[in-house]
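Here are my notes on the model, as numbered points.

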Amino acid sequence: MGEPSQPPADGLRAGSGIEASDPETSAAEAAWIEVIRKMDEVYSDLIRYEVDLEQKNAALEHAQQFIGSVMASMSDILVVCDQKGRILQVNPALLSLTEFTFDDLFNQPLTALLAEEDAQVFRPGGIVSEHEARLKSKSGGYTDLVAMNCSPRLERQRGMPGMVIVGRPVGELRRAYQGLHDAHLDLKRAQLQLVQAEKMASLGRLVAGVAHELNNPVSFVYSNVYTLSRYREKLVRYIDAVHGGMDHAEREDLREQLKIDQLLKDFDPLIEGTLEGALRITEIVKNLRRLSFVDPTENQKVNIAEVARNAMQWVRRSGKQVIALEDNLPTELLVEGIEGPLHQVFVNLMQNSVDAMKNVPHPKIALSGRRLGLQVLVVMRDNGPGIAAENLSKIFEPFFTTKGVGGGTGLGLWVTWSIIRDHGGKIEVSNSPDGGAAFTIILPAG
Ligand SMILES: Nc1ncnc2c1ncn2[C@@H]1O[C@H](COP(=O)(O)OP(=O)(O)OP(=O)(O)O)[C@@H](O)[C@H]1O
Ligand SMILES: [Mg+2]
């Protein structure tokens with residue numbers, strides 16, 4: 001809108017045709033001109049105000065639209081109350097959750113939405129964090145749980161004219177969390193089963209070793225007893241003949257025929273061998289009892305050198321390969337621990353080495369160890385291909401395996417690591433400079 005042009009006072013005078021000589025007329029004219037000028041000023045001010053007002057109105061509408069769109073896209077609920085706790089504003093999320101309309105709630109106390117005791121929690125000026133409550137719904141029931149926060153609503157001129165409550169329905173979240181929790185429990189159960197399976201596999205390896213170990217003495221005890229029973233038959237025949245009144249020549253003949261002298265000479269080694277076999281069986285059984293009947297609550301002094309050597313025997317016997325042992329362990333190296341699980345540690349490590357050295361021409365395991373103050377350090381090296389650099393940080397993780405489907409569960413080293421950790425120790429892996437994997441075990445000294 002353009003500025004209205006102001007007619008010059010002179011122009012008016014010139015175009016009026018009134019005589020300028022009349023002083024009264026001149027004064028009236030000047031007054032009119034002044035009035036018209038003032039009106040013009042007022043008019044142009046009015047126009048300016050109107051433009052201003054229109055601009056402010058547009059800005060206000062824009063701000064309102066902006067706030068409306070923000071409130072509409074909020075998935076959290078919003079309730080704005082005045083100083084007395086009466087509802088002034090709510091957002092669409094609250095309306096859709098409770099099924100109320102804005103008119104149902106406007107100017108109503110908070111008890112329109114909340115049970116009395118929950119409404120008491122929220123006071124204008126107060127701060128509430130994470131109060132969980134159910135909201136009333138229009139149908140007469142209650143919604144899912146909503147976690148609500150309340151903060152004072154501040155205004156520059158009026159100080160603290162009310163409060164703002166923001167809330168998030170957590171029922172869905174709770175259900176999702178419960179689902180996650182259940183899934184986690186299932187996974188833990190499955191993991192436990194797998195660990196049990198790994199322990200069973202480890203036990204299986206032990207049993208294979210035991211079977212192999214027992215096979216030898218049992219078979220020679222069996223063959224010795226069989227021979228002894230054949231000798232007994234011959235002796236019975238000979239004694240019967242002697243008691244039957246045989247003459248000397250016949251008796252000597254029979255003695256020759258039944259090889260009685262040789263048989264009598266054989267008795268000692270046969271009995272000795274049988275006893276030795278029985279002793280070996282007793283020894284194996286004693287070993288087994290030591291492994292399986294350990295009181296897990298009581299740490300013992302365990303000779304880790306013997307445990308490692310023993311494990312080596314088991315592993316050697318259960319496989320087909322001939323594995324050389326370079327034994328640099330002292331005769332006795334005591335640690336604080338439980339023998340059974342520690343035995344399992346070495347069986348697992350050595351079994352891995354045996355697997356890794358399948359295609360190595362002269363497979364070898366080297367054991368060394370010493371006491372270091374309050375700790376004992378044992379190092380086990382093999383001369384296999386070693387562990388790929390990118391796998392060094394992963395091999396103790398549960399289920400990490402490079403052995404392919406059916407080859408391994410990938411739990412052996414995890415179980416090993418867990419046992420060492422439970423003993424208050426540490427296990428580390430590296431590759432030897434001349435190839436092969438090296439495992440270092442640190443345990444509390446006994
Ligand atoms: N001495 C070793 N030499 C080379 N690689 C090894 C050696 N020991 C372990 N590894 C690697 O670490 C991986 C994990 O070993 P771990 O004993 O945990 O599982 P696994 O032997 O594959 O399966 P499982 O022990 O359950 O039969 C192995 O698959 C192998 O790749
Ligand atoms: Mg393994």
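1. The lining of the largest cavity is made up of nine nonpolar residues, with no polar and no charged ones. Bear in mind that this is a predicted model.

2. The residues in question are Ile77, Val79, Leu94, Leu110, Leu113, Leu114, Leu135, Met148 and Ile165. The volume of this largest cavity is about 30 Å³. The count of cavities of 30 Å³ or more comes to one.

3. The largest pocket has a volume of about 640 Å³. Its lining consists of 30 residues, and closest to the centre are Asn352, Thr401, Thr402, Lys403 and Leu413. By class, this lining has 12 nonpolar, 13 polar and five charged residues.

4. Which elements supply at least two residues each to the lining of the largest pocket? They are helix 6 (171-243), helix 10, helix 11 and strand 12. Helix 10 gives the largest share, seven residues.

5. Ligand 1 sits in this largest pocket. Two or more residues of the shell around ligand 1 come from each of helix 10 (339-356), helix 11 (412-422) and strand 12 (437-444). The largest share of that shell is again from helix 10, with three residues.

6. The shell around ligand 1 holds 20 residues, and the closest are Asn352, Thr401, Thr402, Lys403 and Thr409. Sorted by class, the shell comprises eight nonpolar, nine polar and three charged residues. Asn352, Thr401, Thr402 and Lys403 are also listed among the residues closest to the centre of the largest pocket.

7. Asp382 places a polar side-chain atom 2.8 Å from a nitrogen atom of ligand 1. From Leu411, a backbone N or O atom lies 3.3 Å from an oxygen atom of ligand 1. For Gly412, a backbone N or O atom is 3.5 Å from an oxygen atom of ligand 1.

8. How much of the area that ligand 1 exposes when taken alone is buried by the protein? Ligand 1 taken alone exposes 590 Å², and the protein buries 92% of that.

9. In the text, please keep the cavity and the pocket apart. The lining of the largest cavity has no polar and no charged residues, whereas the lining of the largest pocket includes 13 polar and five charged residues. It is the largest pocket that ligand 1 sits in.

Methods. Residues are numbered from 1 along each chain as its sequence is written. Chains are lettered from A and ligands numbered from 1 in the order in which they are written. This is a predicted model: local features need pLDDT of at least 70, side-chain atom pairs count only at pLDDT 80 or more; totals for chains, interfaces and linings use all residues. Side-chain values use heavy atoms; hydrogens and water are left out. A residue is near a molecule or strand if one of its heavy atoms lies within 4 Å of it. A polar contact is a pair of N or O atoms within 3.5 Å; within protein, one must be able to donate a hydrogen and the other to accept it, and residues adjacent in sequence count only if both atoms are side-chain atoms. Accessible areas come from the Shrake-Rupley method with a 1.4 Å probe; for residues, only the protein chains shown count as cover. On a 1 Å grid over the protein atoms alone, a cavity is a set of points where a 1.4 Å probe fits but cannot get out, and a pocket is an open set with protein on both sides within 12 Å along at least five of seven lines; lining residues have an atom within 4 Å of a point. A molecule sits in a cavity or pocket if more than half of its atoms lie within 2 Å of its grid points. Helices (H or I, at least four residues) and strands (E, at least two) are DSSP runs, numbered from the N terminus. Ala, Val, Leu, Ile, Met, Phe, Trp, Tyr, Cys and Pro count as nonpolar, Asp, Glu, Lys and Arg as charged, and the others, Gly among them, as polar. Grid points are joined across faces, edges and corners, and a volume is the space filled by probe spheres set on the points.
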